[in-house]
Amino acid sequence: MSMSSTELQELARKCRVEIVKMVYRAQAGHPGGSLSEIDLIAALYANYLRVKPDSPDWEDRDRFILSKGHASPGMYAILAEMGFISKQDLESYRVLGGVCQGHVDMKWCPGVDFSAGSLGMGLSFGMGCAISGRLKNSERQIFVMLGDGEIQEGSIWEAAMAAKHHELGNLKVILDRNRIQNDDFCETQMRMFDIPAKWQAFGWSVKEINGHDMDEVVEGLDFLKNTNDNPAILIAHTVKGKGVSYMEDNPSFHGAAPNDEQFAIAMAELGEVVN
Amino acid sequence: MTRMAATRDGYGQALLDLADNEKVVVLEADLGKSTKSLHFRKQYPERTISCGIGEQNMLLTAAGLASSGFIPFASTFAIFTERAFEQMRNGVARPNLAVHLCGSHGGTHTGTDGSSAQSIEDLAIFRTLPNVVVLHPCDDVSTRLLTMQLADLSQPSYTRTARNKTPVMYDGRESEIEIGKGVIIKQGTDVAIIACGVMVSESIKAAEQLISEGISATVIDMHTIKPLDEELIETMAKSCGAIVTAEDHNIIGGLGGAVAEYLSSNIPTPLERVGVKDRFGESGQADEMLDLMEISSPHIASAAIRAINRKK
């Protein structure tokens with residue numbers, strides 16, 4: 001049963017709370033890119049992905065590959081909401097022996113399909129999953145989440161070219177266009193000019209949305225799900241740190257944790273009562 | 001007359017022999033004609049994935065296939081596998097996905113293409129990766145058999161093959177080939193020469209040259225660099241008391257490095273390492289390269305004498 005936009009917004013809000021809590025507890029991690037991606041990931045898991053939380057290794061599942069693996073708190077939050085892991089597991093984020101490793105890791109966490117952490121790798125891995133689906137005559141769809149800074153990696157474009165060459169209509173990318181990377185704004189670090197035109201030039205089907213407007217998110221994910229004759233990319237314009245005022249559009253919170261005072265502000269802004 | 005063959009042909013034949021297993025898929029980066037995966041491609045185009053000239057994408061596409069239950073065999077020149085080292089590290093070795101990477105045209109023996117094509121680091125770098133099996137067979141028969149055994153392995157691997165023909169060792173000795181087990185090609189008593197790849201036949205020549213000096217040498221084909229056959233090395237250290245390693249690879253970090261690591265920690269034994277002396281090659285014929293790099297049979301024989309003279 002499909003969630004309404006309002007229900008998806010509430011799901012994403014709950015995930016945002018967990019994201020900030022995880023990073024606060026660990027006093028390390030990547031809140032900015034987790035908060036920018038979460039509306040997309042929450043809607044994807046709730047309404048689109050064919051996965052079974054009680055059977056995470058089900059062979060014919062859809063795959064979700066978080067290539068920007070540092071934004072793991074966002075993925076752990078939705079995995080907990082979906083029941084792949086427990087809420088308790090979220091406390092293991094960045095803790096020795098924990099299922100919630102610093103970057104998402106398929107060897108550690110149920111429901112994770114790819115061991116990420118090094119940028120530029122997920123799209124190629126997704127290609128392999130997509131070719132596998134085709135060879136097995138499966139309907140499975142492969143979703144890959146890329147960061148915008150990440151597409152500065154050259155191997156992304158090897159994969160973009162190869163995916164079109166092999167006409168992988170079951171391969172779908174969500175680009176989290178939050179305009180900020182580790183050191184600074186993308187525009188300062190490496191200008192990327194017309195990103196939609198680049199993907200179009202590689203032969204991909206392209207759609208742009210506001211990645212925080214849940215109606216547009218649903219429309220965008222419908223576009224990905226229903227584009228099966230061509231590799232497709234959804235370019236989601238987002239705000240890094242979305243939902244926490246002082247993190248929004250602030251390069252400092254790409255990879256930094258809030259202090260006690262900042263944490264309290266974040267919880268209040270996200271509508272969470274903390275004892 | 002000794003049959004001559006190239007190890008890369010053994011790789012190509014193995015892929016064909018494995019083709020009945022529908023999980024086996026082959027990936028190429030525009031060098032299938034050279035690595036010899038082209039034979040598989042011709043017969044099984046639907047299971048052969050062209051990755052263009054893009055080694056990084058090839059390694060990770062293979063990882064995605066392995067994560068979905070396939071058994072991917074990816075190949076390119078040994079030198080270009082190095083370009084995808086981090087993909088092999090983070091995308092393949094770390095999640096322990098059974099991707100089988102083959103680097104052909106390894107070593108200075110590859111010849112006239114010159115130093116840009118002569119990989120002398122591959123065995124060292126892939127040996128440093130947890131979970132990864134590293135092979136460097138010496139003839140087409142052992143390459144075929146080892147490659148076929150890889151299909152049953154639940155961990156990734158790197159196999160170096162060579163461009164040029166070398167003497168065949170294993171016609172009629174097929175049953176001796178097993179991943180992780182070195183093979184005694186020639187039995188002797190005074191020194192053990194542990195070699196891999198094209199240097200196995202050079203080592204046999206060296207052992208023949210040593211007979212005139214009154215020296216009896218064992219020659220071992222250590223086709224598996226990792227996991228190292230430590231039991232065999234220990235036996236040789238005890239029975240011969242002097243060891244020589246021989247490889248067409250930088251003297252840093254390859255077979256010689258692996259043997260030195262084992263001996264120094266477990267059974268200190270006079271050891272002489274024959275390998276490329278931390279320098280790059282140049283264009284030349286295969287045999288000219290071995291002479292230039294001072295790794296051809298006379299150099300192995302001299303190293304054997306040095307090792308024996310160091311015995312107490």
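## Exercises on a predicted two-chain model

In this predicted model, 20 residues of chain A are in contact with 22 residues of chain B.

**Exercise 1.** State which helices of chain A each supply at least two residues of the side that touches chain B, and describe the residue types there.

*Solution.* 
- Start with the helices. They are α4 (122-135) and α5 (154-165) of chain A.
- Next, find the largest share. α4(A) gives it, with eight residues.
- Then sort the residues of this side by type. Nine are nonpolar, eight are polar and three are charged.

**Exercise 2.** Check the span of helix α9 (residues 199-211) of chain B against 1.5 Å a residue, then list its buried residues.

*Solution.* 
- The helix has 13 residues.
- In α9(B), M199(B), V200(B), S201(B), E202(B), S203(B), I204(B), A206(B), A207(B) and L210(B) are buried.

**Exercise 3.** Locate the largest nonpolar core and follow the contacts of I243(B).

*Solution.* 
- The core holds 181 residues.
- L59(B), I193(B), I243(B) and A304(B) touch the most other members.
- Helix α1 (residues 5-26) of chain A gives the largest share, nine residues.
- Domain 1 (4-167) and domain 2 (180-309) of chain B both contribute residues, so the core lies between them.
- Now take I243(B). Leave aside neighbours within four places in sequence. I243(B) is then in contact with A192(B), I194(B), M236(B), A237(B), V259(B), L263(B), T269(B), L271(B) and A307(B).

How values were computed:
Residues numbered from 1 in each chain as written. Chains lettered and ligands numbered in written order. Predicted model: local features only at pLDDT ≥ 70, side-chain atom pairs only at ≥ 80, totals over all residues. Contact = placed C-beta atoms within 7 Å. Helix = DSSP H or I, 4+ residues; strand = E, 2+ residues; numbered from the N terminus. Nonpolar A, V, L, I, M, F, W, Y, C, P; charged D, E, K, R; others polar. Expected span 1.5 Å × (residues − 1). Buried ≥ 20, exposed ≤ 12 C-beta atoms within 10 Å, placed from the backbone. Core = buried A, V, L, I, M, F, W, Y, C linked by C-beta atoms within 7 Å. Domains from an automatic or database assignment.
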